[in-house]
Structures are given as C-alpha cells and as structure tokens.
Amino acid sequence: MLAGIDDAIRDGVDVMSILIGSSRPLAFVEDAIANGALHATKQNIVVACAAGNSGPAPATLSNYYPWMITVGASSLDRDILGPLVLGNGLKIMGETTPYGLEKKHPLVYAPDVVVPRVAKNESAQCLPGSLDPKKVKGKVVLCMRGLGMRVGKGREVKRARGAGYILGNTAAFGDELPFDFHVLPGTAVSSNDANKIIQYIKATKNPTAIISRGKTVFNSQPAPSMASFTSRGPNPIDPNLLKPDITTPGLNILAAWSEGDSVTKLSFDKQFVKYNFDSGTSMATPHVAAVAALLKVVHPEWSNAAVRSAIMTTAGLRNNEGKPITDQLGKIATPFMFGSGHFRPTKAVDPGLVYDASHEDYLLYLCSIGTDKPEPKFKCPQNPPLPVNLNYPSLAIPKLNGTVIVKRTVTNVGGDGKSVYFFSSKPPLGISVKATPSVLFFNHVGQKKSFTIKVKARGGMARKYLKNEYGYGWYSWNDGLHNVRSPMAIALA
C-alpha cells in the first residue's frame, strides 16, 4: 500500500481514494496508509479514505488521522423494490431481484427445515449444508441475516432445491435493505417485516408466498439514512479528533463490474454483468474523491485541508422528509456516524470560510499524541500544541472537566471578500459554548481570523444529561449567505 501511494505521488495525481482499512487501531509508526497519506498531503494531494465496515459498534473506524478525509456510508433515494405477497394477502415491499417467483409457493422458516445437529444459534442462518432438501424442495425459505454471506444463504437454499429465498433482517440491521443478485428469486426485508413473516408462518397451516420481481423506485423515503455497517467513532487513536468527517452514499451503489467474476462472486454462478450493486464505505469514499477533484478545478489555489473543510462545513443534517438523518434503527444519527453530515457538493464550491492546516500542523499534532519522530528531520517541541487545538472543522472533547478553551482560525474564501460573520451554537444539553470574538469582520479574500471557543460544563445539569455518554451539537459562523457549520461531541471526565 505504501509503495502504491508513493507511485501515485510520483505520477503527479491530485486526489487519492483509498478503500483499505485496518482490523485494529494502529499507531502512526505501524500505519502504512497513514504514512503514505501524510507524504501525499505534503504534496497537496487530497486523500479520501474509507472509515471501514465494522459498525455499528463504537470506536471501530479506520483511517483516523487528520490529514485524511474519513468517509462513512449512508443510503440514497433509489431502491430495487418488489412485493412479497403472503398467502393471507399481506404485501411486503422488499429489495428484490429482477427475476421473480410469480406463482404461489409453500413458505418455510429455516429453523423448521434444517438437518439434525445444526446448532440452535445457526438454525436460521442457512449456512452451507444446513438445510434438508427433503423439506426445502420447491419452497420459499426465510433465512435470517447475520452469519455467512448473504448470497451464500441463497446458494444454500438453491442447493437444497428451494424455489425462492427471503433474507430477513435481525433487529441489529433494522430497516437497512441490501440489494443482491441472488442465484434464485430473492428479496430482502426489514426486521419488522421479517417478524411478521415468522408470525404468519407459525400461525398458518399451509403458508405460501409470491416474490414479484423488483423494479427501480426513485425518491424513496427516508433518505439518506446511515448504513449499519459503517464504522463509528469515537476515534480509537485520539478521541480529541472527531471522526469520521463526512458521509456519502455507500449502500446499494451501482458500479462497474469485472466480467472476470460472476455477479455474486460464487464459483458456480454463471451470471456475468457489466454493472453490479455493491455496498460499503469503499463505495462511499469515491464520491468524496470526485467532489475533491471538482473543487481543485474550481479552486486550484486551495490546500487539501481547505478542500476537506469545504466538504465538511457545508454538509447537510436532514433527509428528504425534512427530518434529521437517522440510523438503520430509525434513531437520530450522530457525528460519530456521519461526521459533519451528508455531503452537498454544490454547497462545497462556495463554503465562505475554511479551516486550513499545514503539513507542519500535522507533524505537531503527531507530537501531541505521542509520536516521537513523525519525520526524520523533524524534532518535536517540548510542549507541542494540545491535539484539541489542531485547526480542524469539528470539535471533540472526550473528558470535559470544568472549562476547556479551544483555538481555531478561519480563512475567508467568499466571493467579494467583504463580509461579517456571526457565531451561533447548539451545544449538548448541560454544556455552554461561547466564542470570542463572536463577530468576525473580513475585508478581502484570503484574510484569516482567529477565535477561541469556551466550552463549559454546567455542573449538575451536565451530569444529568451526559452521564457516561457523549452529547452532540454544533457551532457555526453565518454571514447571511454562508453557514459554516462544525459538529461537536463532548463527554464529561
């Protein structure tokens, strides 16, 4: 990976999209991608990196250093939907293959048709060799999501001579519906709908199902929502740096596909396509790389930090229903899932203000988190700046005890250069956030203004609302045309 990054630097690229992460937190000296990305940003190359697919557990993300744009994954407003019609007339919309099962077929639940000696916790999973062909032949089988590959479960149903396949979400996956080209007619349903199907099977003597073929549906709601798999903060290396930075579409993304492999990647599958749907933060990250490339065309003078800042501070927090972005369970998402929010490329072209940072700032940051020699010829000062004071477009305070004062600097990149920005904030409950000065006057493009943010815990109120957990909010600068918004995540000591 490091050699590949160095080759790209020598090739003179402007943007890198890196879709590789680590299985555990890595210190800088161990992290080849972090080292390579730092070399790249020294040449003012923008580096976008995938946050990882280890969610929804907290502190699972990869690529957690400040010179990278760390990208989470969310859904978009396009689905491939088809109705699953049960024998009692109930119609359930699922993420369905383009090939359906239009006639009624008997419907069974996987635990009822497994071979003997399958472990109880695996009986609903349709793992290889688990289904009994005598009980499955000609039937539609409901398998639950969890262990094993999704397409592998469909393969097991086909091996057992089943006619169709329903992939049911467990509670952990909620409403997130992945699309797959299964090896037989199949559909994916939410956890609530999976429970309805199970209840129907248990309450009916001869349950049946029809899987109608899927069709493309646009403007589905709510969208975006966070994917369950997207890795979460807080930052496992340095909780003083809020990560991820941004979220973009990463669920069911239509992408070019090598015809050297089948659509399911299963060896026996003979379905070959030029385009396929795939999911992951690896699908999300190229969106940011593309926006970065556009921003470098429009603003060739911008640093990689300015590009990152523009993408972050212009992000949106609401879905296409006008409500806050939610996770796969329908709960309001947090900055540890989406960073600053869902990217808005056209807004990023004109952010008004940016939070800039230099290569030396990143080296001092590494000193502040305990890296003795971030570069061979760079000597860390005895008292490097606190990591929370890195000039970043977000704010994280993991152990607030009383009051913390944070310093930031913004650079004016607005149109005519003359503007007045006013500070506002929506801090977590129990927290006070104030800026000094609270008004910034700019006379020309490129002008810099520094300010401090005083973050204070309000005693018993803070303890009441932030007991053993983070609180989330934002602060912003607004001139009537631009709203330069930064997320914050605060926990008490």
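Let me open with a question: does Cys143 count as buried or exposed? At 0% relative accessibility, Cys143 is buried. Keep in mind, everyone, that this is a predicted model.

So who is the partner of Cys143? A disulfide ties Cys143 to Cys126, with an S to S distance of 2.0 Å. Cys126 sits in the loop between β6 (101-109) and α3 (133-136), while Cys143 belongs to strand β7 (residues 140-144), 17 residues apart. Cys126 is buried too, at a relative accessible area of 1%.

Cys367 lies in helix α10 and Cys380 in the loop between α10 and β16 (395-400), 13 residues apart. With bonded cysteines counted along the chain, the pattern is 1-2, 3-4.

Now, on to the packing. The largest nonpolar core has 34 residues, and Met16, Tyr65, Trp67 and Met68 have the most contacts inside it. Among the elements supplying at least two residues each are α1 (2-11), β1 (15-18) and α10 (359-368). Helix α10 gives the largest share of this core, six residues. Leaving out residues up to four places away in sequence, Met16 touches several others, including Ile5, Ile9, Val47 and Ala48. Apart from this core lies another, of 27 residues, among them Tyr355, Phe442, Trp477 and Ile490.

Thanks, everyone!

Conventions. Residues are numbered from 1 along each chain as its sequence is written. This is a predicted model: local features need pLDDT of at least 70, side-chain atom pairs count only at pLDDT 80 or more; totals for chains, interfaces and linings use all residues. Side-chain values use heavy atoms; hydrogens and water are left out. A nonpolar core is a set of buried Ala, Val, Leu, Ile, Met, Phe, Trp, Tyr and Cys residues joined through side-chain atoms within 4.5 Å. Buried means under 20% relative accessible area, exposed over 50%, partly exposed in between (1.4 Å probe, protein chains only). Helices (H or I, at least four residues) and strands (E, at least two) are DSSP runs, numbered from the N terminus. Contact means heavy atoms within 4.5 Å. A disulfide is a pair of cysteine sulfur atoms within 2.5 Å.
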